[in-house]
Each structure stands twice: as structure tokens, then as C-alpha cells.
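Here's a quick briefing to read alongside the model. Have the sequence and the 3D view open as you go.

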Amino acid sequence: MNRETLPTASAAGQQAPADRTGVALEDVWVYPGDQGKGQAAKPLLQSIRCRIEPNTITLIAGTAGSGKTTLLQTIAGLMPLSRGAVRYGAHSLWEDGNRLHALLHRSIGIVFQYPERQLFADSIEKEFRYSLRPYRLSKAVQAERIDGALRQMGLPTDILSESFLTLSDGQKRKVALATTLATRPTWLLLDEPTAGIDPQGVGPLLRCLKQQKEAADGGVIVVSHDLDTFLPLADRVLILHNGALAAAGTPQELLARPELWLETEIGLPSALQLMAQLREAGTGMGIEGTEDVPLTAEAMADRILGPRERESHGTANPKTAAFDGVRKAESGTGAFGGDYAAESGTAVPSGDYATEHRTATSGEEHAAESPPEASILAAGTSEAKQAGAARMGAAAQLLQQLHPSAKWIVYVLLTAAILMQHSWAGIGVSALLTGSLIILSGVAYRSLLRPAKPFLYFIVISTVVSGITIIFASDSWLPERIYFSTAPASKTFELLVRFLFVMLLGILLAVTTGAKRMQMALEQALSFLERFGIPVAPFAFAATLLMRFLPRLLQEMDRMLIIVQARGKSQAKKGSLRLREIPVFLIPFLLSMMKYAEDLSLTLEARGYQLKRLRREGMARLPWTRREWICIAAGVLLFAVLYMWAL
Amino acid sequence: MENKMKASSIDLQGVSYAAAAAGGTKTLLQETDMHIPKGQWLAIVGANGSGKSTLAKLMAKLYPATTGTVVYSNQPGASYRPFVQIIFQNPDVQMMGETVYEDVRFGLDNYGFPSGEIHGLAMNALDKVGLTALADASPAVLSGGQKQLLQAAGCLAVQPEVLIFDEAASMLDPMSRQRLLQAARSLHVEGTTIVWITQLLDELEASERIVALESGAIVFDGSRETFFYPRSGEVGSACERLGFSPPYAVQLALELMKRGRRLHPLPFSIEELGKAVSAWE
């Protein structure tokens, strides 16, 4: 888009002062979408407040899972906010009614991680045209933009007629970056741009970032764990930890707090590590007082070879005390073979300076942080819940542990009985039965509702449609009377709702049975086939693998949808596609799933999985006890009662 | 393991690999001879598409060589022990078990280890990578780094002669990467041959030998010293000539040497550089 047409600060009715520039995040909270498995979801981002000034390069650092990618996508308008606001200048990115500010949306260019995997078109030129389409430029301007972007990335013009399939990964990445540059974004956002990059590609990338930094009213935001590359370039650094902003400042401000890098598990940038080590060795070459940490090799060499007379004096220097702490903590994290959780605990530096500057993360949270969910797992559910739901928990546990075959037999009995019901009373009993089983199982309603939702809609629509009665006038095509009659509607409802119960029970069976248990049960149930030389184990294993494939499929779909939304600058609700976007989505998606399948088969082979296994003694048989018999008896009893009822 | 003689571990004899591609076949690895001594730490570096991952899969016999043969030295010991194990890039694809413990057992069960030994071997492997406390957790709750450590545990449990890390640290953050390297280092000390494949030169500090690939051919094969530091009379190191940018510690060391300082021994990590500089006095 043209920079001249950027929203000016004169627009009325905005809260922010009119002379504001840059990006402002005001108490931003983001919760996960519906992919969470019930329970109170942990926020992906919590209470993020910060400002990003124009004409700067901002680095967002944090460990995997700290929320840095989510933050970048939130700034790009690809994540709906649960609370708070994102402002560009005086304008809110989200206008009322959850619509993106169209002009702002088009002024943001985002480059995703592994951008070489987002290409889809049969020629590179089409790839550019697709990215430029939302900007409604004339052909001539488009050609000029494409040409400029290619030159900026050092790509030849004749690449335009080529297919991405013939390019190398390094070229693909440059092309993908160029398609974003061609839109002349005011703000350029990049997710791990150096991850997996060809070593020769780093130079052009950094040059491009420096150019972008000069864009009027715009700037660059980079998410990366490649600190050595980006710290010398960054004007400001945001450090994320567990979805919260742990610190923000210039690189030097944050380098003065070594404990920060260790507490957040990011690790020390090389320059800082060296400084700490030189100080520890007592060379007098460490940093003192308010001196800057030299970031480039040249500056560091100057520093090391510089005046030696700066002998360390004043042991009360806070910075030096902090470094002592760092060294101790470092040797702690370096210990290999210790308990992992305990290891991260030792990473808390000692020293007064460190405690003073400790971030919002409490010690407790920190100790549990390596595997955030692991501690939850170990400790079970929260105490409050535990007290209330002890009895229900027992039923849920029984449902989880019951032999899958027993569960299946009960399921078959119950569904048969439910399908037999023809009276409202029978349907009521079925509903009661289904409902109580769901409640007893303790399964999150959301995980049941999601797959059942389409069918629910289907029931509602079918019921309504079947209830609408149209009476035509005797000699005309015009309807004389339209009314809703309850009798056929209720008949349809009665017919369909039983299938809903059957479906819910089926989902319940799947949700309460882990993939592994399912596999073992299948192997056991079908083991008689092995006598006839039919290999059962591979079939059962394949079925389990398929079940693992599905969530992966959904995950990858979500990821691709976000990329499509970002490239198409569409206003459409997340998760819906326009017709012309189908190839944009489908081709990279299929390529990635093919890669996944290939990786999976390689892994299986590499880990010694053979079609005909030598022995499977390792797998304990699932126990079949009185518990199973009692459950089947209960199922038979229920079936008998319902059968009598239906008669 | 018993005696550190220079017996070979893997021998590549005229190995090449070609795959079907649009309009015929494409050679991904040109005819290559390579000899990997037992107990060596070999690093293979190269840009995307240089053939380093293909080479790894050929070494693991996951791809059939188009020409030539991959020869494994005969190992003493139990026949069910696999000779090579390999850890791939994407930690999410590699999880096979429903708990951390089951995942480690996956390989042990598959290779048919005696059932009496399996539990002990699995727990021992988890202990070595520091995941014992998480044995009963679901792999889904692990971080990317922990997942790769779990893969390492699964591989070391079956006691292979050679362990290949095929860009295993490329999706990890620096601290997790250090932990994985640490795990490899302690296995190396115990005598395992390590093949570490990467395009990130920061991961090379423990390597004894570096092989660089370019368009499917070996363009460098030598020690760390000759890879990172120019030989006397030469301008620029092999590393720079090949277009790689050296890690921070080497960059700084080169800068100091350019200004007339001597560093002894030549440093490859921040730690070694710090020591060399501290020794100036």
C-alpha cells in the first residue's frame, strides 16, 4: 500500500493521543481457541503492555512455548484478542465488530517460520500476484514492485516464470520474503527468519531489515532465538516468559541483567557469557559499572585489547555481583544427568542484584516451568476440585481404565437399546443415560461438543424444515399459507435425536480410551487371527498411528489457514476459506502432510519397527477382571430394561 | 569401547544416491568414499540441499545406495543390538509411546531385547538424559528440547555403536541445544561414535572432524582447526571460503589474531576463548 495513504492521526473518536506513532499493546490477553481440551485454559499471552517505536528493530526473545510467535501474530492481527487493544499510531487494529482495520491490515507484512513452505502457485510471478492482489495496484505498478523486491533479495528476473518446485530451499525462502516485501509493508514482522536458513542467506536478510527500518512510520519486529545475530541489530528487546512480558528495554539495558536471561531459560548471549567468564578469571577485562557490553566481534576485540589499567576495583559493584551469580547458575545448568526439573531450579542466580530484579515470575512458577503441564500431572487436579469431585473422579477413573473391549460391548448394548426407543419416555431415558454417563466420565464437554456440533445443527435444521408446511393456492404457484406444524417436526426430531445419543456415546468411548490401550485391545481381540498367519499387530498399530495423524492434520490446517489469511489480507472469519484461496491452502498443506508421512515412516524404520515383530513381550496384556464382567452385566441389564420399555 | 584402536565403524565405499525428480533422476549425493573410525565425533555441515541429510540416511541404511555399499564393522555383543540409531529434526513426529517411559521402550521392544533387561535399560537411559522424573508423563507435555532428549534416551537405550543426529537441534532454542549436545558428549566419552549433522556452526565445538558438503559432494574433510582457522600463508579459512559465517567465539578469535594476538590453543567455544585470553598475562 502507499505510505501516503496511511491513516493519519487526525481521525476523530480514537482514545489514543493523536500524535502517537508506532505500535502500542494495551493490556493484551489472548486465550487459546477451541483446540483446548476443556479445563480452564491457560492464557497464551497475559497482560502484555508495551510500545514499539517507529524506525526501530525490535527483537522478541523467549524459549519455545513462551508465546513469542503468538505475540507476533497478535501484532499482525492474526490472533483475535481476548482482552486489550493493539494500536498502530492513533488507530486500533481491531475496529468494533471484530473487524480488522483494513488499511492497517494491509500495511503489515508478516513472514512466517520456514516461509519456503508456503509457496503454492505454478509460477513465481503468480505467487507475487497473489500477495499483491489485495492492494489493487495497476499492472505497471505491480511489475515495478515485483522488480524492486526481486532486486532487494538479489534474485534474477527470469525466476518469475519458474515453478517453486524447481527452486532450492534457499531460493524459495528468498522468494517468499520477496513476495512480502513487494507489498511494501510499513511494518515488517518476521518469525525466526534465520532458522534453517542457508548460511549464505543471512547477509541479504539483514541488509533487507536495515532498509525496512527506515520505512516512514514503520519498523521491523523479529521473533528469534538467534541472539548473536539480532542483538547487535536490535534497538529494543522484549523478553517473554510463560506468555507474560518478563522485561523490555534496549539490548544494553537487558544485558546488564544477566540473571534475566537465565531465569527465563533463554540462555546467555555469547558476548555476555564471555564477559562473565573473563571477569571470573580475574583478567580485569570483564565489564565494569555502566559500561556497554560490546556485541560485535570487532567491538569485543577492541574492548579486550583496550586499556588494561581498568583493573577491577570495588567489589560492591552490583553488576559484578550479578555475574558471580551467573557463573554459579551456569555451572548448575551445565550439569548433565541431574533431574531435569531440579536443574531448571538451580538456574536462579544468587546475588542481591539478581533478587532485586527478579521478574514477575514467582519462584514457584519457575520451578514448575520446564514441563508446565508435568507438574499439574504429578499433582493431579487442583485441590479445590479434588475435594468436590472425589466420587465422580472414581467413576471417571473406572471409565478410563476399563478394558476397551468391555467398554465396547457395553457401548454396543446401549446403542442398540437406544435405537429401539420409539416413545418420548424412551427417548427421555436415553437422554438421561447418555447425560449421566457423560457427567460420570468427567470428560470436558467441549471435547464432545466439537465433533457433535455439525450433527446438532443438522438436527435443528432438519426439524425446522420438516415442520414448515406450505399450502399452495389451488391454481397458482404462489404459496397461500406458510405455517409451522409441530407434529412432523417432532417426528423428525425424535428420529434423529437418538442418533445424537449414539454419536455422543461413541465419542465418549473414543475420548476415554487412549490410543495405546485401543491398540492393545485390538491386538488382543484379534489375536486369534494370528493363528491363521494374519499379522494383527501391524494393523492395530496402523490404526493407532492414524489416530495420531488426525490431531497433527488439524494443527497443520490451523497453521496454513493463518498463513492464507495473512497473505490474502482477508477479513473472513478465521477458519473459512474463499474459493480462490483453496489452492493457497491446499498445496502447501498436502506437501507438508506428505513430508510428515515420510518422516513418520522413516522414524518407524529407524526405531526398529518391523511388520512382523520378533516378540512383543514388553506389552503387558490389559487385565480383564471382575470389574469388566460387572460392567458388561450392567450393560446387559440396561439393555434388557430398555428393550422391555420399547415393547 | 574396550580398546580405543582405530578400527573403523562405518565405511562408505563409492556410495552415491539419486532420486526420481521432474524430468529424470537427480543426483543427491555423488560417489563418496568415507571412513569413520570407531569412537569419532564427526560433524557434517552444508547448506540446504547439499546432501548432508541424504548422507545421514544412507549411513543409517534407511535409503538404499544407488551405487556402492555402506559397510558396518562387525560388532561384538548381543545380536539384537542395532548398529546405528538416528535422531531426526522434528521432535513431534518421533513420539511413539503414550508416556515418556513407553516411548523409550518402543525401540527396546522392537529390537527384541530380553524382557528381563528392558525395564532396567529404559530407566537407565531416562536417567542419563535427566528425564526420570517425567517417566509417566505424556510426551505431549514435554518441550521441544525435552522431546529430543527423550529421542536420545530411546536411542541410547538400545546401545548402538553409532548415533546420528540429523539436524536434531535445529528446532531447539539455545539452552535446549546445549543440553542435547551435552547428552551426545557424555555418550561420546563412553565410546559411542557420533555423527552430528547441522548447518549451524555453533554446534561444532565438540567435533573432532568436519566434513562439508556442497551440491552432493564433499568439499572439505579435516579437523576443526583447519576448518575454522586459515593455515599460515592463506587468506581466510575453509569455513569462510565456503560461505559459512563462523560462530561468535571463532569470529572474535579471528579478529584478535588479525590484530596480532596469539591464542593457544585455538578456541572453538566461548569457554575456550575465555581461557586462552585469560592466559595472556
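Surface patches here are built from residues with over 30% relative accessible area and no salt bridge, joining like charges within 9 Å and nonpolar side chains (Val, Leu, Ile, Met, Phe, Trp, Tyr) within 5 Å. A salt bridge means a side-chain nitrogen of Lys or Arg within 4 Å of a carboxyl oxygen of Asp or Glu, and accessible areas come from the Shrake-Rupley method with a 1.4 Å probe, where for residues only the protein chains shown count as cover.

This is a predicted model, so local features need pLDDT of at least 70 and side-chain atom pairs count only at pLDDT 80 or more, while totals for chains, interfaces and linings use all residues. Residues are numbered from 1 along each chain as its sequence is written, chains are lettered from A and ligands numbered from 1 in the order in which they are written, and side-chain values use heavy atoms, with hydrogens and water left out.

**The nonpolar patch**
- About 830 Å² of nonpolar surface comes from A:Leu165, A:Leu577, A:Leu579, A:Ile582, A:Leu586, A:Ile587, A:Leu590, A:Leu591 and A:Met594.
- One of these, A:Leu577, sits in the chain A loop between α24 (536–568) and α25 (582–606); helices (H or I, at least four residues) and strands (E, at least two) are DSSP runs numbered from the N terminus.
- A:Leu577 has 32% relative accessibility, so it counts as partly exposed (buried is under 20% relative accessible area, exposed over 50%, partly exposed in between; 1.4 Å probe, protein chains only).

**Helix α20 of chain A**
- The 18 residues of α20 (424–441) reach 25 Å from first C-alpha to last, close to the 26 Å expected at 1.5 Å a residue (1.5 Å times one less than the number of residues).
- Buried in α20(A) are A:Gly426, A:Ile427, A:Ser430, A:Leu433, A:Thr434, A:Ile438 and A:Ser441.
- They're on the same side of α20(A), because their arc around the axis is only 125° (taken from the directions from the helix axis to the C-beta atoms).
- Just after α20(A) comes A:Gly442, with a positive phi of about 70°.

**Helix α26 of chain A**
- A:Glu628, A:Cys631, A:Ile632, A:Gly635 and A:Leu642 are the buried residues of α26(A).
- Their arc is only 95° around the axis, so they share the same side of α26(A).
- Over on the other side of α26(A), A:Arg626, A:Trp629, A:Ile630, A:Leu637 and A:Met644 are exposed.

**Chain B**
- Chain B has nine helices and nine strands.
- Of its 281 residues, 59% are buried.
- The C-alpha trace of chain B spans about 60 × 55 × 40 Å along its principal axes.
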